[in-house]
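Hi there,

Here is the structure I promised to pass on.

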Amino acid sequence: MVLASIIFLVTLLFIIVQPRGLQIGTSAVIGAVVALVVGVVTVSDVWIVFDIIWDATLAFIGIIILSMVLDEIGFFEWAALKMAKLSKGSGHKMFFYSIILGAIVSALFANDGAALILTPILLAKMNILKLNTKTILAFLLAGGFISDSASLPFVFSNLTNIVTANYFNIGFSEFISNMILPYFVSVIASMLVLWLVLRKDIPQRVDITLLKHPDEAIKHQGLFNFSWLFLALLLGGYFIGDAYNIPISVFALGGGVIFLLIASYTKTVDARHIIKEAPWQVVWFSLGLYIVVYGLKNAGLTDYITQILLFLNSQSEVIAVVGTGFLAAILSAVMNNMPTIMVMDIALADISNEAMIYANIIGCNLGPKMTPFGSLATLLWLHTLDKKGVKISFWSYSKFGLIVTPPVLLVVLLSLT
């Protein structure tokens with residue numbers, strides 16, 4: 001356990017600090033290789049981990065490719081401008097509308113997609129509107145939080161959702177039926193808590209005349225119009241795949257590639273540029289970090305967690321759900337939600353309580369917001385802001401996350417019971 005823990009902590013430290021520009025996927029793979037060499041994990045463990053994450057990882061790649069193409073044709077910029085115009089100059093309305101936009105994008109294009117695509121767009125619009133630093137930070141913090149807290153309704157909305165759905169054989173329709181209420185509760189609770197915390201930094205009026213007309217953001221009108229139909233067909237495809245037990249990555253990756261080819265044919269986007277810029281490091285990050293954490297599982301970590309979950313399951317349904325959710329949230333905040341979801345899924349395998357499975361997902365999706373390194377989406381979000389010259393310190397982010405996350409998490413977990 002000591003050796004496995006040291007390898008994990010050093011790997012996580014390298015992922016967070018990124019010394020000399022070492023990318024997160026490279027650090028995770030190095031950690032995995034070390035774990036394999038010293039015998040913390042075996043070659044057969046690597047194949048077990050690959051079997052757990054391949055569908056989730058390929059689906060994520062497909063969703064990101066689709067998001068990047070839509071971004072290139074102006075889809076998200078159009079949506080952001082539309083939301084700004086709808087506010088009619090009210091700063092508070094704009095704040096709420098930006099959260100709603102983030103919630104929709106997170107649900108349909110995954111939390112990481114929301115962090116990667118929307119953050120630069122919102123930051124650019126805030127600068128055009130000549131808002132002060134505190135106001136810009138308030139909007140960005142709200143957008144960063146909602147990207148994870150709203151990643152609940154669909155299997156593809158978060159990597160953690162896909163991993164858990166595959167592990168417990170939860171169908172696409174079944175997942176939606178259980179998570180649609182927590183999704184709406186999470187969005188509403190997030191909006192309320194974020195507004196209460198950040199309201200002093202939100203201006204009463206904003207000069208939206210500085211922004212261009214939403215239609216000016218569209219690069220290809222025909223492709224833009226077609227994208228709505230394509231997204232509807234793709235969503236329908238997920239339901240068809242559910243009926244025939246087809247892996248979600250078939251539709252997510254297939255849809256992303258097909259839309260890329262269509263956009264490339266219209267000469268609206270450069271396919272080679274999209275493929276090159278896709279976050280391939282996430283593939284190595286997922287595989288590498290999961291292998292490192294599997295070493296903790298081999299050392300007995302899941303046995304300890306199972307004992308806690310068995311105790312919770314012996315209590316009332318409310319205690320079981322809330323306890324599971326907060327356990328997953330704390331572990332995610334401390335050791336990242338990607339490894340946490342796998343460890344918790346394994347620990348829950350022998351406990352017959354469906355609500356605890358969904359509580360685990362909610363905890364792993366919201367809990368990471370308590371620390372800057374809790375989720376891949378937050379790491380990507382902070383990295384994107386850093387490249388744009390916006391720096392948020394560890395303590396500033398953690399203070400914000402520890403204030404906002406617990407009340408929202410509690411309310412969402414209670415909606416399961």
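Two things to know before you go on. This is a predicted model, so local features need pLDDT of at least 70 and side-chain atom pairs count only at pLDDT 80 or more, while totals for chains, interfaces and linings use all residues. Residues are numbered from 1 along each chain as its sequence is written, and side-chain values use heavy atoms, with hydrogens and water left out.

Back to Leu-253, which you'll find in helix α11 (residues 248–265). Helices here are DSSP runs of H or I with at least four residues, strands are runs of E with at least two, and both are numbered from the N terminus. If you skip its neighbours within four places in sequence, Leu-253 is in contact with Leu-58, Ile-61 and Gly-62; contact means heavy atoms within 4.5 Å.

Next, the inside. A nonpolar core is a set of buried Ala, Val, Leu, Ile, Met, Phe, Trp, Tyr and Cys residues joined through side-chain atoms within 4.5 Å. The largest one has 163 residues, and Leu-70, Phe-76, Leu-194, Leu-309, Ile-362 and Trp-381 have the most contacts inside it. Helix α3 (residues 43–72) gives this core its largest share, 14 residues. Take Leu-70 as an example: leaving aside neighbours within four places in sequence, Leu-70 is in contact with Phe-75, Phe-76, Phe-109, Ser-227, Leu-231 and Phe-259.

Now for the rings. A pair of aromatic rings is described by the distance of the centres and the angle of the planes. Rings of Phe, Tyr and Trp (its six-membered ring) pair if their centres lie within 6.5 Å; planes under 30 degrees apart count as stacked, over 60 as edge-to-face and the rest as tilted. The structure holds 27 of these aromatic pairs.

How are the rings of Trp-78 and Trp-228 arranged? Their centres are 5.9 Å apart and their planes are at 80°, so this pair is edge-to-face. Since Trp-78 lies in helix α4 (residues 75–86) and Trp-228 in helix α10 (residues 221–243), the pair ties together parts that are 150 residues apart in sequence. Trp-78 is buried, at a relative accessible area of 16%, whereas Trp-228 is partly exposed at 43% relative accessibility.

Compare that with Phe-226 and Phe-230: their ring centres are 5.9 Å apart and their planes are at 50°, so the pair is tilted. These two are 4 residues apart in helix α10, which means about one helical turn separates them. Phe-226 is partly exposed, with a relative accessible area of 29%, but Phe-230 is buried, with 10%. There is also a cluster, in which ring pairs link Phe-75, Phe-76, Trp-78, Phe-109, Phe-224 and Trp-228.

On to charges. A salt bridge is a side-chain nitrogen of Lys or Arg within 4 Å of a carboxyl oxygen of Asp or Glu, and by this rule the count comes to 5. One of them joins the side chains of Lys-369 and Asp-148 (3.0 Å, N to O). Lys-369 is in the loop between α17 (354–366) and α18 (376–387), and Asp-148 is in helix α7 (residues 133–149), so to speak distant parts of the chain, 221 residues apart. Both Lys-369 and Asp-148 are buried.

Another salt bridge is between Asp-386 and Lys-391 (2.6 Å, N to O). Here Asp-386 is partly exposed at 36% relative accessibility, and Lys-391 is exposed at 66%. Salt bridges that share partners also join Glu-77, Lys-125 and Lys-212 into one network.

Ser-398 counts as buried because its relative accessibility is 5%. Not counting residues up to four places away in sequence, Ser-398 touches Met-370, Thr-371 and Pro-372.

Cheers!

Terms used:
Buried < 20%, exposed > 50% of the residue type's maximum accessible area, 1.4 Å probe, protein only.
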